[in-house]
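Here is a friendly briefing to read beside the model. Please keep the viewer open as you go through the points.

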Amino acid sequence: MSSRFTKAILALGSNLGERNDTLSTAVADLVDRPEIRLLGVSPVVQTTAVGGPEGQPDFLNMVVAVETTLAPLELLQHCHDVEQKHHRVREVRWGPRTLDVDIIVYGELTSDDAILTLPHPRAAERAFVLYPWALLDPAAQLNGESVAELAAKAEDFSGLRPFDGFDGSGSVAAAGAVE
């Protein structure tokens, strides 16, 4: 572990149990170490499941910006530990889950490592990651492209809905920015 802080973007999602409470508690759990400082939290959006088995409950998704002195694999292990604290079960790829925490970027690091690929290999095509990230940081870039523009082009963009704590309807495009 070095003493220099590196900015990282983490994506959180939940589609089982008390989804909103899980996300709130998970953010607190993620930054409950002196090696991790919270920089910002995006609004929460609701989405249909992308990939995985049919018929899954909708996800709540959000993004947090942190800075950390943990090395990338240490941060990944910490994310997995937080998932386990929230009873994450890995039975089916992209299946329903109480909590999913992904490292989207870790500073400017790029890696093709089988354990931790950075930037996250599918982030640039997933509006459920990109849109909340763009709300958190409108100037954010991923692979040299605007995160907001990538979100608007993503196949799942039309399925995003603002989440206000209730199970309402409406789309991001119709409702405007999530506040």
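Is Asn-143 buried or exposed? At 56% relative accessibility, Asn-143 counts as exposed, where exposed means over 50% relative accessible area, buried under 20% and partly exposed in between (1.4 Å probe, protein chains only). A word on the source: this is a predicted model, in which local features need pLDDT of at least 70 and side-chain atom pairs count only at pLDDT 80 or more, while totals for chains, interfaces and linings use all residues. Residues are numbered from 1 along each chain as its sequence is written, and side-chain values use heavy atoms, with hydrogens and water left out.

**Overall make-up**

- The protein has five helices and 10 strands; helices (H or I, at least four residues) and strands (E, at least two) are DSSP runs, numbered from the N terminus.
- Of the 179 residues in the protein, 46% are buried.
- Taking contacts (heavy atoms within 4.5 Å) between residues at least 6 apart in sequence, 69% join residues at least 24 apart.

**Nonpolar cores**

- A nonpolar core here is a set of buried Ala, Val, Leu, Ile, Met, Phe, Trp, Tyr and Cys residues joined through side-chain atoms within 4.5 Å.
- The largest one has 25 residues, and Leu-10, Leu-12, Leu-75 and Ile-103 touch the most other members.
- At least two residues of this core come from each of strand S1 (6-14), helix H1 (19-30), strand S4 (59-68), helix H2 (72-85) and strand S5 (100-106).
- Another core, of 22 residues, lies apart from it; Ala-123, Ala-134, Ala-151 and Ala-154 are among its members.
- Which residues does Leu-12 contact, leaving aside neighbours within four places in sequence? The partners of Leu-12 include Leu-23, Ala-26, Val-27 and Leu-30, together with Leu-60, Met-62, Val-64 and Val-101.
- As general background, nonpolar side chains tend to be buried together in soluble globular proteins.

- The buried residues in H3 are Ala-127, Phe-128, Val-129, Leu-130, Tyr-131, Pro-132, Trp-133 and Ala-134.
- Tyr-131 has a relative accessible area of 10%.
- Leu-136 also lies in helix H3, but counts as partly exposed at 24% relative accessibility.
- Beyond its neighbours within four places in sequence, Leu-136 is in contact with Gly-40, Val-41, Ser-42, Val-63, Val-64 and Ala-65.

**Ring interactions**

- The structure holds one aromatic pair, meaning rings of Phe, Tyr and Trp (its six-membered ring) with centres within 6.5 Å; planes under 30 degrees apart count as stacked, over 60 as edge-to-face and the rest as tilted.
- The ring centres of Tyr-131 and Phe-157 are 5.8 Å apart and the planes are at 70°, so this pair is edge-to-face.
- The pair links distant parts of the chain, 26 residues apart: Tyr-131 is in helix H3 (residues 127-136), and Phe-157 is in the loop between helix H4 (147-153) and strand S10 (161-162).
- Arg-37 lies over the face of Phe-5, at 3.7 Å from the ring centre; the criterion is NZ of Lys or CZ of Arg within 6 Å of the ring centre and within 35 degrees of the ring normal.

**Loop residues**

- Asp-156 is in the loop between H4 and S10 and is buried, with a relative accessible area of 15%.
- Leaving aside neighbours within four places in sequence, Asp-156 is in contact with Val-50, Glu-125, Arg-126, Ala-127 and Phe-128.
- Pro-57 sits in the loop between strand S3 (45-47) and S4, and is partly exposed at 36% relative accessibility.
- Not counting residues up to four places away in sequence, Pro-57 touches Asn-15 and Leu-16.

**Backbone points to check**

- The peptide bond from Leu-118 to Pro-119 is cis, with omega near -15°, and Pro-119 lies in the loop between strand S7 (117-118) and H3.
- Asn-143, in the loop between strands S8 and S9 (145-146), has phi near 55°, a positive value in a residue other than glycine.
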